[in-house]
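Reader: I have just opened this one and would like someone to walk me through it. Could you take it slowly?

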Amino acid sequence: MINKSVKLTERQQKVYQFLKDKIINRGYGPTVREIGDEFDIRSPNGVIGHLKALERKGLITRQSNISRSIQLCDNSQKPANISFVGLLVPGDTITPPADEQSQIDFSSLFDSNENFCLKVNGTSMIDACIQDGDYVVVKRQESCQQGEIVVALVDDHNATLKRFYQEETRVRLEPANSNMDSIYSNNVKILGVVKGVIRKFV
């Protein structure tokens with residue numbers, strides 16, 4: 001439900017409801033193209049204008065340079081609690097938790113204000129147990145510690161997932177794959193730090 005104190009145009013209201021439906025029922029937001037197709041807005045700038053208006057009015061947040069990064073600000077995303085049924089010990093039975101009704105709260109991985117999710121394409125981080133097709137949960141921030149796995153923008157256009165190392169005269173972005181070379185650059189923008197990995201089995 002939109003706060004009644006927030007004034008939206010009729011088109012902004014429809015765009016917001018479309019975003020909300022996709023995020024809640026599909027699990028992630030639409031692209032600029034999807035929004036344009038839905039509302040017959042031919043110019044990407046026209047769509048972005050609506051998104052910026054919704055941002056200014058405190059209804060959504062977005063991460064620049066990243067597709068499908070729209071998040072709701074009203075905490076209406078689906079809950080991230082999963083039942084915890086016990087400890088799995090190889091060769092033994094599952095040991096139930098002391099509290100049979102306990103749950104694990106993964107909501108910190110899905111914080112709508114700080115975190116975003118990306119699907120991994122490729123095997124550059126396979127030795128860090130991040131495989132092709134995995135989803136990484138990334139905390140939005142512009143700085144990091146040495147050796148952290150980050151999402152970075154290199155030379156203003158090349159997005160990559162690597163370990164970050166600040167060297168004396170340059171940045172080294174190191175893959176976790178012995179068959180691949182590191183990336184070296186003096187123009188690296190940190191978009192966020194990886195906080196979790198999600199793997200779906202179909």
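**Cores, a phenylalanine and cysteines**

Reader: Where is Phe201 found?
Author: Phe201 is found in the segment after strand S13 (188-198), where a strand is a DSSP run of E with at least two residues, numbered from the N terminus. Residues are numbered from 1 along each chain as its sequence is written. This is a predicted model, in which local features need pLDDT of at least 70, side-chain atom pairs count only at pLDDT 80 or more, and totals for chains, interfaces and linings use all residues, while side-chain values use heavy atoms, leaving out hydrogens and water.

Reader: And is Phe201 buried or exposed?
Author: Phe201 is exposed, at a relative accessible area of 74%; buried means under 20%, exposed over 50% and partly exposed in between, using a 1.4 Å probe and protein chains only.

Reader: Switching topic, which residues touch the most other members in the largest nonpolar core?
Author: Among its 16 residues, those are Leu19, Ile35, Leu51, Leu54, Ile60 and Ile70; a nonpolar core is a set of buried Ala, Val, Leu, Ile, Met, Phe, Trp, Tyr and Cys residues joined through side-chain atoms within 4.5 Å.

Reader: Which helices supply at least two residues each?
Author: Helices H1 (10-26), H2 (32-39) and H3 (44-56) do, a helix being a DSSP run of H or I with at least four residues, and H1 gives the most, with six residues.

Reader: How many disulfides does a search of the whole structure find?
Author: The search finds zero, counting as a disulfide a pair of cysteine sulfur atoms within 2.5 Å.
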